[in-house]
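Grab a pencil and take the steps in order.

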Amino acid sequence: MVHVEGLGKQYRLGERLRYRMLREAIMTSLGGVLSRRRSKTEFLWALRNVSFDVRKGEVVGIIGRNGAGKSTLLKILSRITEPTEGLAEVQGRLRALLEVGTGFHQELTGRENVYLSGAVLGMKKRDITKKFDDIVSFAEMETFIDTPLKHYSSGMQVRLGFAVAAFLEPDILLVDEVLAVGDAAFQKKCLGKLGQVTEEGRTVLYVSHNLRSITELCERCIWINDGQIVEDGFPGKVVMDYLSSFQPKHVGGDITPSMHSEGAGDVYFTHASLVNEKAEVVNSVFFGDALRISLEFEVRRRVENMRLAVAIEKLGDGTLVAALHNTDAVEQSLINAEPGKYSAILESEAELMPGGYTVHLAAKPAPGYWGHGKNWDLVNRALDFYIDEFSSSGRSVLPSGAVTRPLSKWDIHRTV
């Protein structure tokens, strides 16, 4: 069980003692004493007035932007740092996987670190030995298990650290975004093991920017912002509200030179905006309504076999949810264009779930044609927009970890 009440952590910024050099002291006053100068001191509350309880066997996800206070909270719970105010109580054996190599000794071998970590958790040597082969196998470290940890890569240390944390069966497991260091295959393997750990009834506090894993693994989610709890509840609802907080920063309009990331310059996007049925610029649409994106671009030199691409990503986690091309429809063809100014309207029944999204643009030769693989123009974050949680009929959308809700037809009838 974890009990947190009125928790706060304050850091001092800019405090630094500056000693004068001996030469400066002598020049100021013969035989004078070295002075101590303090630079301007500022204070930052990384956490403030945080309170919550976690029951035994509960799996809680913790989300928030970088610098929100998530890692500070886990460091206080794991006793790495002390709180400035408030109370944090933990009942049971706790294992924290917060940084690469947490709790390991760099001079010891992987084998020795497994036993050291287990001993710190209060495990008996025979119990560690019983699980040792499973730990090494999961971490895929058979070849290097007797090599000193200082020779491991960061990914290897993460693999061994996670395996120890998962297989030594602590009562409470704290996991920070450390899994992002591993490769994609191992991340998937870790998430599968986390799922198994949660099914065994252990308490898990899981910090991650992988919002999909939060909704899949956790039964509860806490959103922290600026050191305070914004929301605590059902993961789907909390994640949706969190993503909704990423208000569009660039709602469309003229595309500035700094937004063009690469390209040969033969094609040059000049304008992008989200519009409604009346061609009016908007920054949001109701859930279920069609997306209409207005584009303007210049062709500076004749191009052949051009394909326009629009990529839509979720704000906050960068999940690619749609890739749209002018050649997707059968009746659409590749573009052969003479120099001049052009406009286009893209309309899509994307059925995106509520939240914030961003649009990237590209103009490039189509696959199978000369020049494929290069971009004539590429614009990152041409515009942001928001899908409202209400449909145009006024109905609210149920919380979900999904990114789309395609139209479907159901045929349900009683058979007996």
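**Exercise 1. Count the aromatic pairs, then classify F269 and F297.**

Solution. Start with the rule: rings of Phe, Tyr and Trp (its six-membered ring) pair if their centres lie within 6.5 Å. Planes under 30 degrees apart are stacked, over 60 edge-to-face, and the rest tilted. That rule gives seven aromatic pairs. Next, the ring centres of F269 and F297 are 6.0 Å apart with planes at 65°, so this pair is edge-to-face.

Now place them: F269 is in strand β14 (residues 267–275) and F297 in strand β17 (residues 291–299), so the pair links parts 28 residues apart in sequence. Strands here are DSSP E runs of at least two residues, and helices are H or I runs of at least four, numbered from the N terminus.

A quick note on the model: it's predicted, so local features need pLDDT of at least 70 and side-chain atom pairs 80 or more, while totals for chains, interfaces and linings use all residues. Residues are numbered from 1 along each chain as its sequence is written, and side-chain values use heavy atoms, leaving out hydrogens and water.

**Exercise 2. Are F269 and F297 buried or exposed?**

Solution. Buried means under 20% relative accessible area, exposed over 50%, partly exposed in between (1.4 Å probe, protein chains only). Both F269 and F297 are buried.

**Exercise 3. Find the charge over the ring of Y268.**

Solution. Look for NZ of Lys or CZ of Arg within 6 Å of the ring centre and within 35 degrees of the ring normal.
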